[in-house]
Structure formats: C-alpha cells, structure tokens
Amino acid sequence: MIEQMRERIIIQKSSTEKDGNGNHAAVWTDYYKCSAYVNNLSGKEYWAAAEVNAQDELVFIIRYCKKVSVLTSDRYRILFRGSIYNISFVDNVQYTNKTLKLRAAKAAR
C-alpha cells in the first residue's frame, strides 16, 4: 500500500479568528502535508453514496502518525489537486495505528 501513496495532499485545520469589528470568522490553515493513496468509492460504499447523490466522494489513505491521530471530520479538510474535500469519516484501519482511511466529499464552490 505504501508504494501506491503517490498523490500529495494537504490537510487543513479550521480555527476561529476575530476581525477588526469583533466578528468571528473561520480560517483554514495548512496543518499537515503528506502522500496519500487516493481512490473513488467502490462497491457498497459507492452505491450508498449514489443513493444520496454524493458520488463526488473519494477515499484517501495516509500513513498514521501522532500528528494525524487527532483528525476529526468537523475541524479538518483536505486539499487535493486544487479542490477542497470535506472529511466525513476518519478510520484508523483495524486499529493498528499504521494507516488512516479518510472518506471525503468534494466541497461545492
């Protein structure tokens, strides 16, 4: 699997900052850059996504490390080939702390 991790991705983290008027705004900053195996959904995952018109979802598999062990679907997103992907599911594959499987949907612009 590691030899198939050929795509470069950037994981971004959301934080909240105040502007000059005191309004809160979400700000995305680069958190972690890594290589990933990227694939379309397949089998059961694809058909479940098709039922809710979510065919723009991809699976990203990355190597596990302490920095990515904190990833959640609400505070992190992925930049891949110029597009933004919102993470919907984070899976520590078989709880082995070797790979993380991230399911993410392309964000509408």
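The questions and answers below cover a predicted model.

User: What is the order of the elements from the N terminus on?

Analyst: This predicted model holds one helix and six strands. Read from the N terminus on, the elements run β-β-α-β-β-β-β.

User: What share of the protein's contacts with a separation of 6 or more comes from residues 24 or more positions apart?

Analyst: The protein has 109 residues, and 31% of them are buried. For contacts with a separation of 6 or more, the share from residues 24 or more positions apart is 54%.

User: Which element gives the largest share of the largest nonpolar core?

Analyst: The largest nonpolar core has 19 residues. Those with the most contacts inside it are Ile9, Ile11, Phe60, Ile62, Leu71, Ile78 and Phe80. Two or more residues each come from β1 (7–18), β2 (24–40), β3 (57–63), β4 (76–80), β5 (83–92) and β6 (99–106). The largest share is four residues, and the element that gives it is β2.

User: Which residues does Ile78 contact, leaving aside neighbours within four places in sequence?

Analyst: Ile78 is one of the residues with the most contacts inside the largest nonpolar core. In general, nonpolar side chains tend to be buried together in soluble globular proteins. With neighbours within four places set aside, the partners of Ile78 are Ile9, Ile10, Ile11, Phe60, Ser83, Ile84, Tyr85, Ile87, Leu102 and Ala104.

User: Is β3 largely enclosed or largely open, and why?

Analyst: Count the buried residues. In β3, six of the seven residues are buried. Phe60 lies in strand β3, and its relative accessibility is 0%, so Phe60 counts as buried. The six buried residues are why β3 is described as largely enclosed by the rest of the structure.

User: How many bridges join β3 to β6?

Analyst: Start with the β2 side. Four bridges join β2 to β3, and these strands run antiparallel; Val38 stands opposite Phe60 in β3. β3 and β6 also run antiparallel, with Thr99 in β6 as the bridge partner of Arg63. The number of bridges joining β3 to β6 is seven.

User: What is the geometry of the ring pair Phe60 and Tyr85?

Analyst: The structure holds four aromatic pairs. For Phe60 and Tyr85, the ring centres are 5.7 Å apart and the planes stand at 70°. The cut-off for this class is over 60 degrees. The pair is therefore edge-to-face.

User: How many residues apart in sequence are the parts that this pair ties together?

Analyst: Tyr85 counts as buried because its relative accessibility is 8%. Ring pairs link Phe60, Phe80 and Tyr85 into a cluster. Phe60 lies in strand β3 and Tyr85 in strand β5, so the pair ties together parts whose separation in sequence is 25 residues.

User: Which residue lies over the face of Tyr31?

Analyst: Here the partner of the ring is a charge, with a cut-off of 6 Å from the ring centre. The distance to the ring centre of Tyr31 is 4.7 Å. The residue over the face is Lys67.

User: Which side chain makes a polar contact with the side chain of Asn92?

Analyst: Asn92 is in strand β5 and counts as buried because its relative accessibility is 17%, where buried means under 20%. Leaving out residues up to four places away in sequence, Asn92 touches Tyr64, Asn97, Lys98, Thr99 and Leu100. The polar contact of its side chain is at 2.6 Å, and the partner is the side chain of Asn97.

User: How far apart are the C-alpha atoms of Asn92 and Leu102?

Analyst: Asn92 and Leu102 are 10 residues apart along the chain. The separation of their C-alpha atoms is 8.9 Å.

Terms used: Residues are numbered from 1 along each chain as its sequence is written. This is a predicted model: local features need pLDDT of at least 70, side-chain atom pairs count only at pLDDT 80 or more; totals for chains, interfaces and linings use all residues. Side-chain values use heavy atoms; hydrogens and water are left out. A nonpolar core is a set of buried Ala, Val, Leu, Ile, Met, Phe, Trp, Tyr and Cys residues joined through side-chain atoms within 4.5 Å. Buried means under 20% relative accessible area, exposed over 50%, partly exposed in between (1.4 Å probe, protein chains only). Contact means heavy atoms within 4.5 Å. Rings of Phe, Tyr and Trp (its six-membered ring) pair if their centres lie within 6.5 Å; planes under 30 degrees apart count as stacked, over 60 as edge-to-face and the rest as tilted. A charge sits over a ring if NZ of Lys or CZ of Arg is within 6 Å of the ring centre and within 35 degrees of the ring normal. Two strands pair if DSSP finds at least two bridges between them. A polar contact is a pair of N or O atoms within 3.5 Å; within protein, one must be able to donate a hydrogen and the other to accept it, and residues adjacent in sequence count only if both atoms are side-chain atoms.
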